[in-house]
Amino acid sequence: MRDLGAVLDRLKDFENPSEGLEQYRTPGDLAALMLWDAHLRGDIDGAVVVDLGCGTGVLAYGSLLLGASAAVCLDVDWEALTIARENIGALRGLTDLVAGDVKALPLRSIGSCLVVMNPPFGVKKRGADILFLRSALRICDKVYSLHKYSPGGVELVMRVAGEEGFAPLLVAEASMTIKQRLKHHRRRVYRFKVVLFRFVRTVQVEEPRDEQGSTRGSSSR
Ligand code: SAH
């Protein structure tokens, strides 16, 4: 895979992006930064990857290209999922598209899977980034996530990771550029700093038991 970023940039983009849902697709270079890092650490090969807030499926697509065995793509927006299906359709590997809200996830803990995500930055809906982060940390034992940089934001992300039993690693700082789409935006491009995190579970949590006495989603633990 010579230039993963360029391949990802050629995928189909959102047609009617929603501002409220912060639908900005991850630029290819940033997606490649995340996915190569995960690949080099051995997190992707053969893994089941969960792309939370998948949008057009850029991160799931790249993961499958780098050797993930399956991808679960979840988004609250059906139109985005339709584009993700078009993008990922031709690839080998099992892909499940799930329409759902991270506030009330249809997914239980799967344990040894990998979340790759570029969640809403919480600019339109305060706290959306942290909601995504907590949800991700409750599904898989490893998580890659991009966050908009602010000193307080990094501190909060680190704290939440600790509360959920994860060790956070700040993998990289980078700049992200997005094109403004609405008339009220004065600048045509907006550039800001983002941080890429990798989280690995260090503390196992006791799974709630169902009536039959078996633990939920514990087969892969
Ligand atoms: N991960 C994609 C898209 C990032 S944009 C990429 O890397 O290109 C953020 C995505 O989160 C959007 O597709 C949006 O529809 C989705 N989203 C926003 N709020 C959500 C929620 N509450 N539950 C699930 N998905 C949500």
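**The ligand and its shell**

Modeller: The ligand has 21 residues around it, and Q23, T26, G53, D75 and D101 are the closest; a residue counts as near if one of its heavy atoms lies within 4 Å. This is a predicted model, in which local features need pLDDT of at least 70 and side-chain atom pairs pLDDT 80 or more, while totals for chains, interfaces and linings use all residues. Residues are numbered from 1 along each chain as its sequence is written, and side-chain values use heavy atoms, with hydrogens and water left out.

Biologist: How does the shell around the ligand divide into nonpolar, polar and charged residues?

Modeller: Ala, Val, Leu, Ile, Met, Phe, Trp, Tyr, Cys and Pro count as nonpolar, Asp, Glu, Lys and Arg as charged, and the others, Gly among them, as polar. On that scheme the shell holds 10 nonpolar, six polar and five charged residues.

Biologist: What distance separates a polar side-chain atom of D101 from a nitrogen atom of the ligand?

Modeller: A polar contact is a pair of N or O atoms within 3.5 Å. In the side chain of T26, an N or O atom is 2.3 Å from a ligand oxygen, and for Q23 the corresponding distance to a ligand oxygen is 2.9 Å. For D101, the polar side-chain atom and the ligand nitrogen are separated by 2.9 Å.

Biologist: Which residue meets R41 in a salt bridge, side chain to side chain?

Modeller: A salt bridge needs a side-chain nitrogen of Lys or Arg within 4 Å of a carboxyl oxygen of Asp or Glu, and the whole structure has 14 of them. R41 is partly exposed at 38% relative accessible area, where partly exposed lies between buried (under 20%) and exposed (over 50%), with a 1.4 Å probe and protein chains only. The partner of R41, at 2.7 Å from N to O, is D37.

How values were computed:
Polar contact = N/O pair within 3.5 Å; in protein donor to acceptor, adjacent residues only side chain to side chain.
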